[in-house]
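Here's a friendly walk through one protein model. Take a look at the sequence and the 3D view below, then read on.

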Amino acid sequence: MKWETVIGLEVHTQLATQSKIFSGSSTAFGASPNTQASAVDIALPGVLPVLNKGAVECAIKFALAIGATLNRINVFDRKNYFYPDLPKGYQISQLAKPIVEGGVLTFLVGDTERTVNLTRAHLEEDAGKSLHEDFHGMTGIDLNRAGTPLLEIVSEPEIRSSAEAVAYARALHTLVTWIGICDGNMQEGSFRVDANVSVRPVGQAEFGTRREIKNLNSFKFLQQAIDYEVRWQIETLEDGGRIEQATVLFDPDTGETRMMRSKEDAHDYRYFPDPDLLPVKLDEDWIESVRNALPELPAAMQLRFQSEYSVSAYDAGLLTGSRALAEYFEAAACACGQGKLVANWVMGELSATLNKAELDITQSPVSARQLGALVARIQDGTLSGKLAKLVFEGLWEGAGEVDAIIEARGLKQMSDSGELEKIIDDVLASNQKSVEEFHSGKEKAFNALIGQVMKASKGKANPAQVNDLLKAKLQ
Amino acid sequence: MSLSPDDVKRIARLARIEIDDSQALASQSQLNTIFDLIATMQAVDTQGIAPMAHAQEVTQRLRADSVTETDHHAAFQAIAPAVENGLYLVPKVIE
């Protein structure tokens with residue numbers, strides 16, 4: 001039987017605010033335990049939440065960026081459950097009237113464009129952290145994270161493979177960091193993915209029973225967890241078994257998912273509107289001012305890169321992988337007017353060298369202006385591709401500006417045809433055998449002669465020019 | 001609508017409240033009185049009236065995003081039953 005995979009993703013993004021969603025505590029990561037947990041965060045009796053305007057503004061930005069509906073009136077609810085890292089006994093979230101509904105995310109899966117509809121995005125507070133290392137048989141609780149603002153972004157179940165799920169999650173990650181609402185740091189838990197996965201026979205209209213994989217904090221784990229889960233579900237069904245609705249955890253060490261809780265003991269959250277918080281009203285002036293302050297978005301920039309710099313859709317997608325990378329590319333392309341060539345350098349030599357050095361684009365020792373200057377020297381014929389790589393090495397080492405490196409290291413491509421002709425004459429004179437072979441029809445001999453000329457010029461001859469001159473001389 | 005003794009026990013379990021059979025019966029009749037009150041309110045015709053999320057028709061005041069709290073964990077932890085390395089200690093929970 002042929003099976004179809006159905007996936008919906010729920011992504012928890014920690015919002016990049018200074019303070020918590022309902023208190024004035026800092027949200028900075030890595031502080032000593034419980035030093036950033038106020039009376040509100042630890043739920044002392046009598047405290048009241050006061051909503052952070054910055055968190056609401058992040059949600060507005062997101063809604064505008066994905067073309068979603070912003071609920072002008074939205075409401076906070078209490079989601080009730082008991083766990084020690086949730087001292088109030090409820091999480092403040094949004095159920096019936098979330099701040100954001102609808103919207104779309106468009107991204108590439110390989111070369112194919114895909115669009116996934118979003119169901120909703122709502123504001124809520126993060127819980128604290130439970131540390132299960134052994135404290136004399138007890139669990140340690142750190143409430144620094146309690147009350148950190150989250151935007152939970154829920155997709156429709158329109159994703160059909162692990163590759164699509166990863167492409168969607170990457171595009172979402174790019175977008176939330178691009179508009180500055182999330183720092184995107186997955187190791188620190190700023191961007192956590194839950195995947196709802198089910199399978200059904202191809203052609204069947206109803207969805208199969210889903211299992212939810214919780215808290216995936218890397219794209220690699222997202223892919224592995226879905227692949228394992230899909231295989232497991234298909235094998236279970238083909239062996240005549242049934243899928244029970246459940247919540248599962250992915251174990252990166254074994255590469256397997258395992259059951260966390262079944263539907264039997266699924267939480268009954270008893271949601272109701274939080275009487276401590278009034279409905280939130282978004283006024284039009286506020287929304288408009290946020291709209292006006294939004295940067296150019298990745299999708300618009302991809303189209304512009306294609307038309308302004310003649311790069312392919314695929315390259316435009318890579319170049320807008322982060323705002324910093326896109327800005328780097330554009331600065332370099334503007335500096336020399338050679339978008340396509342700059343794109344090749346940014347995604348080729350520069351990315352490879354950065355990767356090797358484990359640096360990101362913001363830490364590049366070669367500035368965008370310098371890369372632009374380098375490409376300009378390739379374009380005007382001063383440098384061959386090979387020589388340009390040597391100049392790039394110089395830039396990387398901090399040896400100065402492009403022209404200074406070319407001068408100091410004698411890397412200028414030979415443009416004087418008289419000088420080149422002399423080299424060619426010498427090569428022809430001392431390689432009579434190759435010349436004869438060429439005349440007797442051996443094409444390979446021609447390439448050998450080119451190689452000799454390039455060698456004699458110490459790599460500084462322009463290969464195209466060598467080709468032309470050599471051909472003319474052998475006529 | 002009225003609650004059965006099983007409903008009462010289930011609600012008590014969700015709320016982590018331990019009750020015995022006689023308490024469940026007592027709670028059942030008290031809760032049913034509350035449900036009668038709700039039934040009386042349900043009888044009011046609310047057709048065409050938008051639901052309200054709050055009793056008052058006012059909206060939420062927002063606070064500027066700035067850090068205003070300082071560290072008081074020593075004072076908070078002085079009244080906690082068990083503390084170690086700045087962490088609150090609770091009976092072991094593993095899901």
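How many helices and strands are there in chain A? Chain A has 15 helices and 18 strands. Both kinds of element are DSSP runs numbered from the N terminus, with helices (H or I) needing at least four residues and strands (E) at least two.

## Before we start

This is a predicted model, where local features need pLDDT of at least 70, side-chain atom pairs count only at pLDDT 80 or more, and totals for chains, interfaces and linings use all residues. Residues are numbered from 1 along each chain as its sequence is written, while chains are lettered from A and ligands numbered from 1 in the order in which they are written.

## Overall shape of chain A

Picture a box laid along the principal axes: the C-alpha atoms of chain A fill one of roughly 95 × 55 × 50 Å. The radius of gyration of chain A (taken over C-alpha atoms) comes out at 30 Å, well over the 23 Å that the globule rule gives for 475 residues, so chain A is more spread out than a compact globule. In case you're wondering, the globule rule is 2.2 Å times the number of residues to the power 0.38.

## Strands side by side

Now for some strands of chain A. Two strands count as paired if DSSP finds at least two bridges between them. Strand 1 (residues 3–14) of chain A and strand 13 (residues 191–201) of chain A are antiparallel partners, joined by 11 bridges. To find one of these bridges, look for V6(A), whose partner in strand 13 of chain A is S198(A). Strand 13 of chain A also pairs with strand 14 (residues 211–216) of chain A, again in the antiparallel sense, over 4 bridges. There, A195(A) has I213(A) of strand 14 of chain A as its bridge partner.

Elsewhere, chain A has an open sheet of 3 strands in the order 6-5-17, with antiparallel pairing. Strand 6 (90–93) and strand 17 (272–273) of chain A stand at its edges with a single partner strand each, so one side of each is left without a neighbour in the sheet. Strand 5 (residues 77–80) of chain A pairs with strand 17 of chain A over 2 bridges, and R78(A) stands opposite F272(A) of strand 17 of chain A.

## Helix 7 and its partners

Helix 7 (residues 323–336) of chain A packs against helix 9 (residues 368–379) of chain A at an angle of about 40°, with their axes 7 Å apart. Axes here are lines fitted to C-alpha atoms, for helices over the stretch in contact, and angles run from 0 to 180 degrees between N-to-C directions. Helix 7 of chain A and helix 9 of chain A are therefore oblique to each other. As for that word, angles under 35 degrees count as roughly parallel, over 145 as roughly antiparallel, 65 to 115 as roughly perpendicular and the rest as oblique.

Residues in contact (C-beta atoms, placed from the backbone, within 7 Å) include Y328(A) and F329(A) of helix 7 of chain A, and V342(A) and V346(A) of helix 8 of chain A. By class, this contact of helix 7 with helix 8 of chain A has 8 nonpolar, 1 polar and no charged residues. Nonpolar means Ala, Val, Leu, Ile, Met, Phe, Trp, Tyr, Cys and Pro; charged means Asp, Glu, Lys and Arg; the others, Gly among them, are polar.

## Helix 9 meets helix 10

What about helix 9 of chain A and helix 10 (residues 385–397) of chain A: at roughly what angle do their axes cross? They cross at roughly 160° and come within 10 Å, which makes helix 9 of chain A roughly antiparallel to helix 10 of chain A.

## Where chain B comes in

Chain B puts 31 residues in contact with 44 residues of chain A. Strand 3 of chain B gives the largest share of chain B's side, 5 residues. Strand 3 of chain B also runs antiparallel to strand 11 (residues 138–142) of chain A, joined by 4 bridges, and T139(A) has V90(B) as its bridge partner.

Note on methods: Contact = placed C-beta atoms within 7 Å.
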